[in-house]
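Let's walk through this model together, one local feature at a time. Please keep the sequence and the 3D view open side by side as you read.

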Amino acid sequence: MKFEGTEITGKEIDFSVAEHVLGEAGFVHAGQWDYERVTFDYKFDDLVNDDVYYLRVQAYAVKGEIPSPHSVIKFLDPILGKHYYPHGVEYADETFPKHILEKSTKKLEQVSALLK
């Protein structure tokens, strides 16, 4: 599921600042990058349904190369997906629980506030 039109989408920022801000919000950047793209993940463990969801904030380099701290990245629309072991994360054709959607929205609002 895409979160279109967020305040994050399209924002350009130094990679080092993005790492710091998203880290403060609880997102993990654990090697999900190449020299042009980067992904920050926030993991939701739904203990009620025994499911795992990932809120992903992705970006690409518009100046320099990732992971250089002075490179500039541009954020894409954040996405939410459900993890299926061992296959990975599925984004399309999923029905997400209301509480996961609400938590995702709050998390994105937190990131937006930290980026101001």
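A residue is called buried when its relative accessible area is under 20%, exposed when that area is over 50%, and partly exposed in between, using a 1.4 Å probe and protein chains only. Please bear in mind that this is a predicted model, in which local features need pLDDT of at least 70 and side-chain atom pairs count only at pLDDT 80 or more, while totals for chains, interfaces and linings use all residues. Residues are numbered from 1 along each chain as its sequence is written, and side-chain values use heavy atoms, with hydrogens and water left out.

Let's begin with the charged pairs. Side chains of opposite charge can pair when their charged atoms come close. Here a salt bridge is a side-chain nitrogen of Lys or Arg within 4 Å of a carboxyl oxygen of Asp or Glu, and a search of the whole structure finds six of them. One of these joins Asp-45 to Lys-43, with 4.0 Å between the closest N and O atoms. Lys-43 counts as partly exposed because its relative accessibility is 44%, and Asp-45, at 48%, counts as partly exposed too. Another salt bridge brings together Lys-82 and Asp-51, at 3.6 Å from N to O. Lys-82 belongs to strand β5 and Asp-51 to strand β3, so this pair ties together parts that are 31 residues apart in sequence. Strands here are DSSP runs of E with at least two residues, helices are runs of H or I with at least four, and both are numbered from the N terminus. Both Lys-82 and Asp-51 are buried. Arg-37 and Asp-34 make a further salt bridge, their closest N and O atoms being 2.5 Å apart. Arg-37 is exposed, with a relative accessible area of 52%, whereas Asp-34 is partly exposed at 25%.

Now turn to the rings. Rings of Phe, Tyr and Trp (its six-membered ring) pair if their centres lie within 6.5 Å; planes under 30 degrees apart count as stacked, over 60 as edge-to-face and the rest as tilted. How many aromatic pairs does a search of the whole structure find? There are four aromatic pairs. In one of them, the ring centres of Phe-15 and Phe-40 are 6.5 Å apart and the planes meet at 35°, so the pair is tilted. Phe-27 is buried, at 5% relative accessibility. Ring pairs link Phe-27, Tyr-42 and Phe-44 into a cluster.

Strand β3 is our next stop. Beyond its neighbours within four places in sequence, the residues in contact with Tyr-53 (heavy atoms within 4.5 Å) include Tyr-42, Phe-44, Lys-82, Phe-96 and Ile-100. Tyr-60 is also in strand β3, but this residue is partly exposed, at 31% relative accessibility. Together with Val-62 and Leu-76, Tyr-60 forms a nonpolar patch on the surface, with about 220 Å² of accessible area in total.

Finally, look at the backbone. Most residues other than glycine have a negative phi, and most peptide bonds are trans. Asp-50, in the loop between β2 (37–46) and β3, has a positive phi of about 55° and is exposed at 70% relative accessibility. Asp-93 has a positive phi of about 55° as well; this residue lies in the loop between β6 and α2 (98–115) and is exposed at 81%.

Where are the cis peptide bonds? One runs from Ile-66 to Pro-67, with omega near 15°, and Pro-67 is in the loop between β3 (51–63) and β4 (72–75). Another runs from Tyr-85 to Pro-86, with omega near -5°, and Pro-86 is found in the loop between β5 (79–84) and β6 (88–90).

Definitions and conventions:
Patches are made of residues with over 30% relative accessible area and no salt bridge: like charges are joined within 9 Å, nonpolar side chains (Val, Leu, Ile, Met, Phe, Trp, Tyr) within 5 Å. Accessible areas come from the Shrake-Rupley method with a 1.4 Å probe; for residues, only the protein chains shown count as cover.
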